[in-house]
Each structure stands twice: as C-alpha cells, then as structure tokens.
Amino acid sequence: MLLLAPLLAEVDPAPRRLSKPTGSAGAQRTDGLCTHFRWIAEHVPAFRVPGTHIHILTSPDQFYQAMKARIKTAKRRVVMASLYLGTGQLEQELVNCMEEALQRSQNTSHAPDLKVSILLDYTRGSRGQINSRTMLLPLVQRFTSQMRVSLYHTPDLRGLLRLLVPQRFNETIGVQHIKVYLFDDSIIISGANLSDSYFTNRQDRYVLLENCGEVADFFSNLVEAVGDVSLQLQPDDSVTMLEGMVHPYKGNRQEFSAVARKRIMEVVNATHVRQQLLNHLEDSEEEDMSEGEEDTWVFPLVQMKPLGIRVDEQVTQRLLTDAGPDSTVFLTSGYFNLTRAYMRLVLEAGARYRILTASPEVNGFFGAKGVAGAIPAAYIHIARQFYNQVCQLGQQERVHLHEYHRAQWTFHAKGLWYYLQGQDRPCLTLIGSPNFGYRSVHRDLEAQIAIVTENEELQNQLQEEQELLYHGSTEVSSSTFERPDRHVKLWVKLVTPLIKNFF
C-alpha cells in the first residue's frame, strides 16, 4: 500500500480551459463546419476528408476481415498499435498475412518497399511463456530490415514496485492502450485489441477511413514517435532502447517523460502548424475540391498523462461542458468508471444523456479467477452510486443509464454520439481507445478521433451503429440493483474506492 500510495489518490485538477475560437488560421479552413465544433481546429490538427471515404464497421468479423484483406494488399506500410497480440489461431493468421506481404515485397524488389511496424505494451505483450513477442519474433528474425516491434513500458512501473508487483497486476500501473491499424493510406481506428475474442464475440466500435493519406500519415508518425521511446524487440528476444534514448524504468522518470513528450508532441504540433501555414496560403485561392465532397472533419485526440499530454481530456471536457439543453449525448463505455470531472459535467450540464455500459455478464472480467472476478461487482457498485446521484439530483428525466446484454458475448465499445437540437442523426462522434475512466485519463496512452460530419450517409451510418448497440440494452432503474444477481459483497464496496483508479 505504501508503494501504491502515490497512485491511489484521484487528483482531478481542472485542465487548462480551451479558449473560444479567435478566427485564427486553424479555424479558417472549417467555414462549412457547424460553429458548435469549430473551436476544436484551434487546438489540434484538422483533416478535411470526403465523408464517402469513412465507413463504420459493426461486427468483430468485419473488423478482422478488413485487416486481413488490407495487410495482404499493402504496398508501402502496415502500422499496428494495440495493447497486445493474442496467441491463438486467428492471431496467427494475421501474422501469416504479414509474412506473406513481406515475402511478396522481397520477391518483387531488390530493395523491398513494404515496412511493418507494430507497437504493443511491454507488460501485456510479455505476459506468459507464449506471448505477443513470441508470436512476432519469427518475423523480426526473418525480415530484420523491414520489421519493427516496439514495446512501450510505462515510466510509473519502476524500482521496488516493478520488482514486487506480479505479472498481470503490473498492467494496472499503466499501459500502451492505443488501437490504430493502418495499411498504406487506409486506417482503422478502434477500441479493439488484436485478440481472438475481439474478432469473434467481443463487441467494440471500428471506423475505417479509406484513402485518407494525411490522416494515415499523422497516425503513422504518432505510432513511430511512441515506438521511438519504447523498447525494441531484437531477433534474440531481448529488448533495447534506441541509442541516446532515456530508459523508461532504469533512467530518470522526469527526464524520460520530458523526452517522450517532446518527441510525441513534435508530431502533433508540426502537423498543426503546417496546416495553419497552408490555410494562410490558400485563403485567397479557390478550393480544388468542392465543399460538397470534403464534408467531414477528422480531429486526432491524444491523451498520455504520464508524459504530460492531456489533449483528449481537454477536448472531451470542453465538449461535455458545451453540451447544452438543446443537445443529446449517447455515451458508451465497456467499463463504467467515469472520472470525477466527467461525472460532474454529466450531472451538472444541461444536455440529455443516455449512457450505455456492460451488464455484469458481458463484462470482460465476468467469471475471471481470483480478485479479478470481483471487478464486475465493483462496476455494479460504481454504477449504483452514479444512479443514486442522478436520483438525488432529480435528473432521471435527463440522464439515463443503460446496460448491454448479449448471450455468449462481451462488451468493449466506447465513445460518444453527439446530436444537436432537432437532429435525429449525430453530427459528431468520438471513437478510439479511451474509456472516459481514471485509467484512460491518468495512466495509459490513449488516442481517438473526433469525426464531425455534414455527410448524410455517414450520419446515417453513425445512427445505425448507435441504434444497433443500444437496441441490445435495457434501461437501469432502482429495481435493477435490488435483484439478487446485483448484490455486492461488503468487502467489494470497501475496497472499490481504493482500487477503482486501477481498472
């Protein structure tokens, strides 16, 4: 407990308030964008793309098949960031697709063009005798010049803590949680990991952006930057840091974070500045593509609190703050454990909320062995506390809580859909890896995108996705928590406040 004490207390200082737009270059390219969201372009890169290039995938199998097909046809790059790569047959088929693509690239050129870069978490990817590393090692050994595997290690797991906390539990301190799957100029942003359940019966969200080169370049550079401050997998299964890089757990904590922050923010800031300069140059010129085609904006949001990066947190808080009585927000998280700041904004803001979370039987920890088996009960306790607050404040008509049910499935979807007054389809969605919980904000490396669209077909896709997820849910009421299967043992209630920051 003494070792963990600095990590236990939840500190929710108000993040830097994002300013109102001032008409700077960052906003001038978004003239057609609804004024409700123009401010986002002031603070992060803004990519303008045709809405017809964005496709919402709705099932694990669609996600899996889309990845396999695009790996096989990739010519220049395959970039994949995930928490881990599983060790089953479906995961092996993905590795085989990479091998075939790399071999084809070698056969057709003396200087192969295809490069494969994989970013995973060190602790999760090294768990057990057969793990993510052993799955990818043959590719590293065979295609040394074309294959890169980077394993991010949180700087918070060091010293005695690293020696004493066992495998699996050490992942609670902080992990690489970004989920980005990129193939040449197409990219899938998701919350799903590279594991068999995420390909079969674990419901998540997935968005495919096809032929969006600038967006793909940004995320390729982002993953490369995180990879540069990570441990590099060698052909003999050892790991080393790039020359001159501070070690994440052997080196100085503050120095590592400063170097990592500088390297990663170089990607974000360089893209943002370049866009602003281009906007200045193009202000007086005609657009090459009509407003009608480029009707959608993609904003990348990065959150890496251990490294001092809080972009996603700031944008999300501003979105929730600005959501007035004329707005409706559908918010979902596989693990309902909102930060105090997010919870305060939901309870105090004027927008109507429908929040979807996992019922206990579709929680990923349901039926787990040991202490982890009590985690679904802890989520029941947290949900009940939240529901009680809603009732105490008389907000039952404005804030609704739903539970997802599906036999033999688990639930891992996260994100939100934002509706303006009078709209029956969302004009904004957040989709990616964050869960809106303490871990996402304070411990892990996260990335998602905000998609703002005026494209009716894309709005229809987002509406259908939302309806599909919420259709399989029931609304929570006071009687929900009186059911025998919702009984929470006293020790779980007592321990939850201490451990809620770790899951």
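This is a predicted model: local features need pLDDT of at least 70, side-chain atom pairs count only at pLDDT 80 or more; totals for chains, interfaces and linings use all residues.
Close-up 1. L163 and L164 make the patch together with L160. This patch is nonpolar and covers about 360 Å².

Close-up 2. Helix α7 spans residues 159-164, and strand β6 spans residues 180-183. R168 lies in the loop between these two elements. Look at the backbone here. Phi of R168 is positive, near 80°. R168 is a residue other than glycine. Its relative accessibility is 39%. That value falls between the limits of 20% and 50%, so R168 counts as partly exposed.

**Close-up 3. F436 in the loop between β19 and α14.** F436 also has a positive phi, near 70°. F436, too, is a residue other than glycine. The loop that holds F436 runs between β19 (428-432) and α14 (438-443). Is F436 buried or exposed? F436 counts as buried, because its relative accessibility is 2% and buried means under 20%.

Close-up 4. K68 is a lysine with a relative accessible area of 14%. That is under 20%, so K68 is buried. Which residues does K68 touch, leaving aside its neighbours within four places in sequence? They are E93, L94 and C97. With E93 there is also a polar contact. This contact joins the side chains of K68 and E93 at 3.0 Å.

**Close-up 5. The cysteines C97 and C391.** C97 is one of the residues in contact with K68. C97 counts as buried, because its relative accessibility is 3%. C391 has a relative accessibility of 28%. This value lies between the limits of 20% and 50%, so C391 counts as partly exposed. How many disulfides does a search of the whole structure find? The search finds 0. A disulfide would need a pair of cysteine sulfur atoms within 2.5 Å.

Notes: Residues are numbered from 1 along each chain as its sequence is written. Side-chain values use heavy atoms; hydrogens and water are left out. Buried means under 20% relative accessible area, exposed over 50%, partly exposed in between (1.4 Å probe, protein chains only). Helices (H or I, at least four residues) and strands (E, at least two) are DSSP runs, numbered from the N terminus. A polar contact is a pair of N or O atoms within 3.5 Å; within protein, one must be able to donate a hydrogen and the other to accept it, and residues adjacent in sequence count only if both atoms are side-chain atoms. Contact means heavy atoms within 4.5 Å. Patches are made of residues with over 30% relative accessible area and no salt bridge: like charges are joined within 9 Å, nonpolar side chains (Val, Leu, Ile, Met, Phe, Trp, Tyr) within 5 Å. Accessible areas come from the Shrake-Rupley method with a 1.4 Å probe; for residues, only the protein chains shown count as cover. A salt bridge is a side-chain nitrogen of Lys or Arg within 4 Å of a carboxyl oxygen of Asp or Glu.
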